[in-house]
Amino acid sequence: MNSDISGAQKHLKFMHQAYLLAEQAYEEKEVPVGAVVVKDDHIIGKGYNQSERLNDPTAHAEMLAISAACSTLGEKYLQDCTLYVTLEPCPMCAGALVWSKLDRVVIGTWDTRAGSCGSLFNIASNNKLNHQVEILQGFMERDCEGILRQFFQERRSEGNGQA
């Protein structure tokens, strides 16, 4: 975790905004992941998982937040921006972090099944790629982990095989 108190408070503030989006995804029976892109202490893009609703496997929270932020800025690169996301990005999303040239990603909890920012793979900071993203992890970890655990426990108890 970032030892700078003001930095940590800022990270918690924006992670909380991402978490609220994860709760929205949860209410819509989507995997509860939320993300916001921040530049100059302002949210310029946000998203939550919508793969089920949109029938689109690429409609992850990070992808939607990155697209929204690029649209807000009118640019394809997100330099001087930070992505806050409740769950560690998958390979697709980690690639998008690199290609969009985000400075940093702040992660709520690791994804040991598909994480690509340090737990299973590390695409985001791979020095063989043209850009590396700084990775911070562990902000609101218990909350981010808890909503995912609850979601998948409910899915298993419903017997719909999504777990």
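## Terms and model

Buried means under 20% relative accessible area, exposed over 50%, and partly exposed in between, with a 1.4 Å probe and protein chains only. By that cut-off leucine 83 is buried, because its relative accessible area is 0%. This is a predicted model, in which local features need pLDDT of at least 70 and side-chain atom pairs count only at pLDDT 80 or more, while totals for chains, interfaces and linings use all residues. Residues are numbered from 1 along each chain as its sequence is written, and side-chain values use heavy atoms, with hydrogens and water left out.

Helices (H or I, at least four residues) and strands (E, at least two) are DSSP runs, numbered from the N terminus.

## The sheet

Five strands form an open sheet in the order β2-β1-β3-β4-β5, with mixed pairing. β2 (42-48) and β5 (134-137) are the edge strands, and each pairs on one side only. Direction ignored, neighbouring strands of this sheet are turned by 20 degrees against each other on average. Two strands pair if DSSP finds at least two bridges between them. Strands of a sheet pair through backbone hydrogen bonds, either parallel or antiparallel.

Strand β1 (residues 34-39) pairs with β2 in the antiparallel sense, over six bridges. Valine 36 has lysine 46 as its bridge partner in β2. β1 and β2 make a hairpin with two residues between them. In that turn, aspartate 40 has a positive phi of about 50 degrees. Strand β4 (residues 104-109) and β5 run parallel, joined by four bridges. Here valine 105 has isoleucine 135 as its bridge partner in β5.

## Leucine 83

Leucine 83 sits in strand β3 (residues 81-87). Contact means heavy atoms within 4.5 Å. Residues up to four places away in sequence are not counted; beyond them, leucine 83 touches Ala35, Val36, Val37, Glu62, Ala65, Leu97, Leu102, Arg104, Val105 and Val106. Lysine 39 is 44 residues from leucine 83 in sequence and 9.2 Å from leucine 83 in space, C-alpha to C-alpha.

## Helices α3 and α4

Helix α3 (residues 61-73) packs with helix α4 (residues 91-99) at an angle of about 25 degrees, their axes 9 Å apart. That angle makes α3 roughly parallel to α4. Angles under 35 degrees count as roughly parallel, over 145 as roughly antiparallel, 65 to 115 as roughly perpendicular and the rest as oblique. Axes are lines fitted to C-alpha atoms, for helices over the stretch in contact, and angles run from 0 to 180 degrees between N-to-C directions.

Glu62, Met63 and Ile66 of α3 meet Met92, Cys93, Ala96 and Leu97 of α4. By class, this contact has six nonpolar, no polar and one charged residues. Nonpolar covers Ala, Val, Leu, Ile, Met, Phe, Trp, Tyr, Cys and Pro; charged covers Asp, Glu, Lys and Arg; the others, Gly among them, are polar. Cys93, Ala94, Gly95, Ala96, Leu97 and Val98 are the buried residues of α4. They pack against α3, β3 and β4. Just after α4, lysine 101 takes a positive phi of about 60 degrees.

## β5, α5 and glycine 138

Helix α5 (residues 141-158) lies across β3, β4 and β5 and runs at about 60 degrees to β4. Glycine 138 is in the loop between β5 and α5. Glycine 138 is buried, with a relative accessible area of 14%. Glycine 108 is 30 residues from glycine 138 in sequence, yet the two are 5.1 Å apart in space, C-alpha to C-alpha.
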